[in-house]
Amino acid sequence: MSLVTLLPFIVLIGAMFLMTRSAKKKQQQAEQMRNQMQPGSGVRTIGGMYATVKEVSDDTVLLDAGPGVELLFAKNAIGAVLSDDEYNRIVHGIEHDLKSDADIVPDDASSLTETDEPAAEASDASGASDDKRVDLGKKDAAEEPADSAAETKAEEQPKKADGDSDAK
C-alpha cells in the first residue's frame, strides 16, 4: 500500500480523535461545575427549571423550587450553576446594573413623540378641510419661501374666462 491510499484513513482517524477530545473536555468541565455546587447557589436544570440548591450528595441534589417545594434531582440533570447576580436577575427580575431610567424604552410609542398642541386641538386639525395645512411637526425655513414662490407664479399667469381660448 502506498501513502496516498492511507492518507484519507489517517485524516479520518485524526478528525475523530479531535472531535472526541473536545467532547471529553466539555464533559469534564460540566462535571467540575456540578462538583462545585454548594447549598444556597442558584442552578438551572437541563429542563429549564430555576431553583436553589438545598443539599448536595454524591449522585443527587435536593433543590428548593419555591415555598414548600423540594425536588430531588440527579447531579447530571443540573445544566448550569448560576452566579448570584444572574440568578436574581432571571428569577426575581432584580437588576443591579441599571445605568439610568432614561435608557429604558417605554411600553407605548406615544411618549416617544412630543407634541406642542393639546389633544383637543390635534383632533380638530384632523377634521379640518383640505384648505388648511396640517403641521406634522417639521419646521423647515426653506419650505416657506418655496410656497410663496408657487403662489406668485400662479398669480402671474393670466386668468382665462369661459369663452377665451389660446387657439388661433
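## Strands β3 and β4

Strands β3 and β4 pair in the antiparallel sense, and six bridges link them. This description rests on a predicted model.

Strands of a sheet pair through backbone hydrogen bonds, in either a parallel or an antiparallel way. Here the pairing is antiparallel, and five strands form an open sheet whose order is β4-β3-β2-β1-β5. The edges are taken by β4, residues 69-74, and β5, residues 78-82; each of these has a single partner strand, so one side of each is left without a neighbour in the sheet. On average, and with direction ignored, neighbouring strands of this sheet are turned by 40° against each other.

Strand β3, which covers residues 60-66, also pairs with β2 in the antiparallel sense, in this case over four bridges. Val56 has Val61 in β3 as its bridge partner, and a hairpin of three residues joins β2 to β3. Further along the sheet, strand β1 (residues 42-45) pairs with strand β2 (residues 50-56) in the antiparallel sense over three bridges, and Gly42 has Thr52 in β2 as its bridge partner.

## The helices

Helix α2, made of residues 84-91, lies across β1, β2 and β5, and it runs at about 135° to β2. Helix α1 spans residues 3-35 and includes Ile10. Ile10 also belongs to a nonpolar patch on the surface, which it forms with Leu3, Leu6 and Phe9, and the accessible area of this patch is about 430 Å² together.

Which residue forms a salt bridge with Lys54? The partner is Glu70, and the closest N and O atoms of the pair are 2.1 Å apart. The structure holds one salt bridge. Because Glu70 lies in strand β4 and Lys54 in strand β2, the pair ties together parts that are 16 residues apart in sequence.

Are these two side chains placed where they are buried, exposed or partly exposed? Glu70 has a relative accessible area of 43% and is partly exposed, while Lys54, at 39% relative accessibility, also counts as partly exposed.

Definitions and conventions: Residues numbered from 1 in each chain as written. Predicted model: local features only at pLDDT ≥ 70, side-chain atom pairs only at ≥ 80, totals over all residues. Heavy atoms only, no water. Pairing = 2+ DSSP bridges. Helix = DSSP H or I, 4+ residues; strand = E, 2+ residues; numbered from the N terminus. Axes fitted to C-alpha atoms, helices over the stretch in contact; angles between N-to-C directions. Contact = heavy atoms within 4.5 Å. Salt bridge = Lys/Arg side-chain N within 4 Å of Asp/Glu carboxyl O. Buried < 20%, exposed > 50% of the residue type's maximum accessible area, 1.4 Å probe, protein only. Patch = residues over 30% accessible without salt bridge, like charges linked within 9 Å, V, L, I, M, F, W, Y side chains within 5 Å. Areas by Shrake-Rupley, 256 points an atom, 1.4 Å probe, with all protein chains shown as cover.
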